[in-house]
Amino acid sequence: MFTRKSGKTKTVPMPVTISTALSKGALVAWSSGRLIAATTTTAGSAIAGVLVKAIASTDSDYATTRDVLVEVPVEKDVLWEADVTATLVVADVGLYCDLTSSLVINRGASTYDIVQCRKLISTTKGLFVLNIGTDAIAK
């Protein structure tokens, strides 16, 4: 799960894909004009931000066309705390990584460069800057 730790963001309503369950704190991306969960192969430029509230199949509006709230960075260097699948080490600070899922970072991959590690919290958790949206630096 991505949790903002510092920096300015704004909450923006965006259309979500109908009948799609998503977790709070997941990175969401554009697909056919609606949001889906970001995947291991989602380009940073397609990622919109972090989902504010979980979407469950039991929600009354689950199968309805609607907007959901997405937290979007409005300045560079907004720090997000996130989990990492592989062992994070001090030497990873400053390096770019990909995703394992919409909720977890893959320290061992750097094809799409979705996040940049800024601080090690533990071997499984760190602080990251998102490399997403129209300002994403492509590799």
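Q: Is W30 buried, partly exposed or exposed, and at what relative accessibility?

A: Buried means under 20% relative accessible area, exposed means over 50%, and partly exposed lies in between, with a 1.4 Å probe and protein chains only. At 38% relative accessibility, W30 therefore counts as partly exposed. This is a predicted model, in which local features need pLDDT of at least 70 and side-chain atom pairs count only at pLDDT 80 or more, while totals for chains, interfaces and linings use all residues. Residues are numbered from 1 along each chain as its sequence is written, and side-chain values use heavy atoms, with hydrogens and water left out.

Q: Where is W30 found, and which residues is W30 in contact with, leaving aside its neighbours within four places in sequence?

A: A contact means heavy atoms within 4.5 Å, and strands (E, at least two residues), like helices (H or I, at least four), are DSSP runs numbered from the N terminus. W30 is found in strand 3 and, with those neighbours set aside, is in contact with M14, P15, L35, A46 and A48. The C-alpha atoms of W30 and S45, which are 15 residues apart along the chain, are separated by 9.2 Å.

Q: How many helices and strands are there in the protein?

A: The protein has 0 helices and 11 strands, so named under the DSSP definition. Among contacts between residues at least 6 apart in sequence, 59% join residues at least 24 apart.

Q: How many residues does the largest nonpolar core have, and which have the most contacts inside it?

A: A nonpolar core is a set of buried Ala, Val, Leu, Ile, Met, Phe, Trp, Tyr and Cys residues joined through side-chain atoms within 4.5 Å. The largest one here has 20 residues, and those with the most contacts inside it are F2, L27, I47, I105, V115, F128 and L130. Strand 3 (27–31), strand 5 (47–51), strand 7 (79–84), strand 8 (96–99), strand 10 (115–122) and strand 11 (125–130) each supply at least two residues of this core, and strand 7 gives the most, with 3 residues. Apart from this core lies another, of 12 residues, among them V16, L35, Y62 and V68.

Q: Which residues does F128 touch, not counting residues up to four places away in sequence?

A: Beyond those sequence neighbours, F128 touches several residues, including V78, L79, W80, A82, V84, L88, I105 and V115.

Q: Which residues have a positive phi, S19 and D77 being the cases in hand, and where are they found?

A: Most residues other than glycine have a negative phi, and most peptide bonds are trans. Phi of S19 is near 55°, and S19 is found in the loop between strand 2 (9–15) and strand 3, where S19 is partly exposed with a relative accessible area of 38%. D77 has a positive phi of about 70° although it is not a glycine; D77 is found in the loop between strand 6 (67–73) and strand 7, and at 43% relative accessibility D77 counts as partly exposed.

Q: Where is V93 found, and which residues does V93 touch, not counting residues up to four places away in sequence?

A: V93 is found in the loop between strand 7 and strand 8, and beyond its sequence neighbours V93 touches C117, R118, K119 and L120. The C-alpha atoms of V93 and C117, 24 residues apart along the chain, are separated by 4.9 Å.
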